[in-house]
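Dear colleague,

Please find the structure below, handed over for your review.

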Amino acid sequence: MRILVTDGMDKTAMAALRADGHEVVEQFYEPDELGAALREFDAVVVRSKTKVRAKHIDEAKGGKLKLIIRGGVGVDNIDVKYAEEAGITVKNTPRASSESVAELAMAHMFSCSRYISIAGHSMREGKWEKKAYGKGVELSGKTLGIIGFGRIGQKLGAMAKAMGMTVIAFDIYHVPGIEEQLGMKYVEMDELFAQADFISLHTPAIDGKPLICAENIAKMKDGVIFVNTSRGNNVDEAALLEALNSGKVRAAGLDVYAEEPSANPALYSHPNVSCTPHIGAATVEAQKRIGMEIVDLVRGFNA
């Protein structure tokens, strides 16, 4: 096949695809150029930056395109149903980045609880604000509420248990036996909001009203620490900012935003926000796993 890679891919995986006899072209296309370009390829591999929408699929009709692979967990940057109705298969790599995203969520929990981000920034400004940032809180003994208990949520839950945390989770699907295996408990959403000292969000993109809105923030404990490494549109950023300013939310760790790159400096520059630019899966190990999972998908594809 002729394969287009738009947002980068592990070099070992690209070499494996080429060794299998495929032609691999690594090039990013702007949205107004993407559809026409797709006509010339049998498959396209994207990450977060490239959005494959209905208009691109329409423009690609009559061409060679028959496979879209998203290197990552979510597929909200692809109009999946529209593509499949056009006879194009859509795949993703849900297993490869679970560890790296869970570790980043845990890192943000540490950063928020111990002022690591803002304290380090103040030192770079020549300040020594030991008193101001000497009132951190420990994770051990606290309750972590995980919203969305899939692969990433389960990884984070296991890490949190090892840190001495109590883990509760909300998910519309209950994994059989997981409560006994991980020593955690499924609860209803409102119960999670009421009990959790830390809340970490791990759901796919949700249509309609953001899950973390003013109404649901009001149900949370005062001084809760909130982390989002899922999708930015799952959070009402204005409501979160208001809660940070009031102290309702003690701190927030954010890797994803309603608009990317983020256009909300009041949020990402807030002294109680630990922020990263959507790097949840950006580890050397995860990229290698994603790359090889893509190779396996290509090898297993039957046009």
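**Salt bridges in the predicted model**

K61 and D58 form a salt bridge, with their closest N and O atoms 3.2 Å apart. K61 is partly exposed at 43% relative accessibility, and D58 is likewise partly exposed at 37%. Please note that the model is a predicted one. In total, the structure holds 16 salt bridges.

Another of these pairs joins K64 to D42, where the closest N and O atoms are 3.8 Å apart. K64 has a relative accessible area of 38% and is partly exposed. D42, by contrast, counts as buried at 9% relative accessibility, because the cut-off for buried is under 20%. The pair also belongs to a network of salt bridges that links D42, K64 and K66.

A further salt bridge brings together the side chains of D76 and R231, at 2.7 Å from N to O. This pair links distant parts of the chain, 155 residues apart: D76 is in the loop between β4 and α4 (80-85), and R231 is in the loop between β10 (224-228) and α11 (237-246). With a relative accessible area of 15%, R231 is buried, whereas D76 counts as partly exposed at 35%.

Conventions. Residues numbered from 1 in each chain as written. Predicted model: local features only at pLDDT ≥ 70, side-chain atom pairs only at ≥ 80, totals over all residues. Heavy atoms only, no water. Salt bridge = Lys/Arg side-chain N within 4 Å of Asp/Glu carboxyl O. Buried < 20%, exposed > 50% of the residue type's maximum accessible area, 1.4 Å probe, protein only. Helix = DSSP H or I, 4+ residues; strand = E, 2+ residues; numbered from the N terminus.
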